[in-house]
Amino acid sequence: MPIKTLADHNPWRSRVKLFIGNLPYDITEPEVLELFSTYGEVVNASLVIDHFSGRSKGFAFVEMATRSEGHRAMETLNKKEYRHRQLVCNEAKPQKKGKRRR
(Lines give C-alpha, C1' and ligand atoms only; values in the text may rest on other atoms or scores of the structure.)
Protein backbone atom coordinates (compact mmCIF):
# COMPACT_ATOMS: atom_id res chain seq x y z
CA MET A 1 0.00 0.00 0.00
CA PRO A 2 1.51 3.39 -1.01
CA ILE A 3 2.29 5.88 1.72
CA LYS A 4 0.18 9.04 1.55
CA THR A 5 1.95 12.30 2.23
CA LEU A 6 0.65 15.73 3.11
CA ALA A 7 1.22 16.75 -0.52
CA ASP A 8 -1.34 14.13 -1.61
CA HIS A 9 -4.05 15.98 0.32
CA ASN A 10 -3.07 19.46 -0.81
CA PRO A 11 -6.19 21.20 -2.19
CA TRP A 12 -4.00 23.41 -4.44
CA ARG A 13 -2.76 20.34 -6.27
CA SER A 14 -6.15 19.42 -7.71
CA ARG A 15 -7.03 22.91 -8.93
CA VAL A 16 -6.61 23.91 -12.55
CA LYS A 17 -6.10 27.37 -14.03
CA LEU A 18 -7.61 28.03 -17.45
CA PHE A 19 -6.82 30.64 -20.07
CA ILE A 20 -9.89 31.98 -21.85
CA GLY A 21 -9.28 33.97 -25.03
CA ASN A 22 -11.29 35.74 -27.72
CA LEU A 23 -13.81 37.08 -25.20
CA PRO A 24 -16.02 40.03 -26.17
CA TYR A 25 -14.42 43.33 -25.17
CA ASP A 26 -17.53 44.44 -23.28
CA ILE A 27 -17.69 41.34 -21.04
CA THR A 28 -17.52 41.77 -17.26
CA GLU A 29 -15.87 39.62 -14.59
CA PRO A 30 -19.27 38.54 -13.14
CA GLU A 31 -20.27 37.32 -16.62
CA VAL A 32 -17.08 35.23 -16.87
CA LEU A 33 -17.77 33.84 -13.40
CA GLU A 34 -21.35 32.97 -14.36
CA LEU A 35 -20.24 31.29 -17.60
CA PHE A 36 -17.80 28.98 -15.81
CA SER A 37 -19.75 28.32 -12.62
CA THR A 38 -22.15 26.11 -14.59
CA TYR A 39 -19.27 23.59 -14.88
CA GLY A 40 -18.22 23.56 -11.23
CA GLU A 41 -16.79 25.65 -8.42
CA VAL A 42 -14.85 28.67 -9.61
CA VAL A 43 -12.09 29.55 -7.14
CA ASN A 44 -11.00 32.70 -8.95
CA ALA A 45 -11.90 34.52 -12.15
CA SER A 46 -9.78 37.45 -13.31
CA LEU A 47 -10.59 39.39 -16.43
CA VAL A 48 -7.59 41.23 -17.86
CA ILE A 49 -8.44 44.94 -18.18
CA ASP A 50 -6.73 47.58 -20.31
CA HIS A 51 -5.56 50.32 -17.92
CA PHE A 52 -6.09 53.12 -20.42
CA SER A 53 -9.56 52.30 -21.76
CA GLY A 54 -10.88 50.42 -18.71
CA ARG A 55 -12.36 47.67 -20.88
CA SER A 56 -11.48 44.01 -21.26
CA LYS A 57 -8.46 43.04 -23.35
CA GLY A 58 -10.43 40.01 -24.54
CA PHE A 59 -8.97 37.34 -22.28
CA ALA A 60 -9.26 36.06 -18.72
CA PHE A 61 -7.93 33.45 -16.33
CA VAL A 62 -10.30 31.16 -14.43
CA GLU A 63 -9.25 28.81 -11.65
CA MET A 64 -11.53 25.82 -11.11
CA ALA A 65 -11.66 23.87 -7.83
CA THR A 66 -10.94 20.47 -9.38
CA ARG A 67 -9.18 19.26 -12.50
CA SER A 68 -12.25 17.33 -13.62
CA GLU A 69 -14.44 20.46 -13.48
CA GLY A 70 -11.76 22.46 -15.28
CA HIS A 71 -11.37 19.89 -18.04
CA ARG A 72 -15.14 19.62 -18.46
CA ALA A 73 -15.37 23.42 -18.86
CA MET A 74 -12.40 23.40 -21.24
CA GLU A 75 -13.80 20.66 -23.45
CA THR A 76 -17.24 22.24 -23.58
CA LEU A 77 -16.28 25.89 -24.08
CA ASN A 78 -13.22 25.62 -26.35
CA LYS A 79 -14.24 26.71 -29.87
CA LYS A 80 -17.81 27.38 -28.67
CA GLU A 81 -19.46 30.51 -30.01
CA TYR A 82 -20.25 33.03 -27.27
CA ARG A 83 -21.77 36.39 -28.22
CA HIS A 84 -20.63 36.02 -31.86
CA ARG A 85 -17.04 35.10 -30.93
CA GLN A 86 -15.40 31.67 -30.94
CA LEU A 87 -13.87 31.14 -27.48
CA VAL A 88 -10.40 29.75 -26.90
CA CYS A 89 -10.20 27.77 -23.67
CA ASN A 90 -7.17 25.78 -22.57
CA GLU A 91 -5.03 25.13 -19.53
CA ALA A 92 -2.96 28.18 -18.61
CA LYS A 93 0.79 27.84 -18.94
CA PRO A 94 2.96 28.90 -15.99
CA GLN A 95 4.21 32.45 -16.20
CA LYS A 96 7.83 32.69 -17.35
CA LYS A 97 10.31 34.23 -14.98
CA GLY A 98 12.47 36.98 -16.31
CA LYS A 99 12.11 40.43 -17.78
CA ARG A 100 8.62 41.82 -18.04
CA ARG A 101 7.52 43.07 -21.45
CA ARG A 102 6.10 46.58 -21.69
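Visitor: Which residue in E6 does Ile20 stand opposite?
Guide: Ile20 stands opposite Cys89 in E6, where strands, like helices, are DSSP runs numbered from the N terminus (at least two residues of E for a strand, at least four of H or I for a helix). This is a predicted model, in which local features need pLDDT of at least 70 and side-chain atom pairs count only at pLDDT 80 or more, while totals for chains, interfaces and linings use all residues. Residues are numbered from 1 along each chain as its sequence is written, and side-chain values use heavy atoms, with hydrogens and water left out.

Visitor: And how many bridges join E1 and E6?
Guide: Four bridges, in the antiparallel sense; two strands pair if DSSP finds at least two bridges between them.

Visitor: OK, what's the strand order in the sheet?
Guide: The open sheet is formed by four strands in the order E2-E3-E1-E6, with antiparallel pairing. Because E2 and E6 stand at the edges with a single partner strand each, one side of each has no neighbour in the sheet.

Visitor: Which strands does H2 touch there?
Guide: H2 packs on the sheet and touches E1, E2, E3 and E6, its direction making about 140° with that of E2 (axes are lines fitted to C-alpha atoms, for helices over the stretch in contact, and angles run from 0 to 180 degrees between N-to-C directions). Contact here means heavy atoms within 4.5 Å.

Visitor: Which residues of H2 are buried?
Guide: Val32, Leu35 and Phe36 are buried in H2, buried being under 20% relative accessible area, exposed over 50% and partly exposed in between (1.4 Å probe, protein chains only). They cover an arc of only 90° around the axis, which puts them on the same side of H2; the arc is that of the directions from the helix axis to the C-beta atoms. On the other side of H2, Pro30 and Glu34 are exposed.

Visitor: Switching to Ser56: buried or exposed?
Guide: Ser56, which has its place in strand E3, counts as buried because its relative accessibility is 3%.

Visitor: What does Ser56 touch?
Guide: Leaving out residues up to four places away in sequence, Ser56 touches Pro24, Tyr25, Ile27, Leu47, Val48 and Ile49. A polar atom of the Ser56 side chain also lies 2.8 Å from the backbone nitrogen of Gly58.

Visitor: Last one, what is Met64 in contact with?
Guide: Apart from neighbours within four places in sequence, the contacts of Met64 include Val16, Leu18, Phe36, Tyr39 and Val42.

Notes
Polar contact = N/O pair within 3.5 Å; in protein donor to acceptor, adjacent residues only side chain to side chain.
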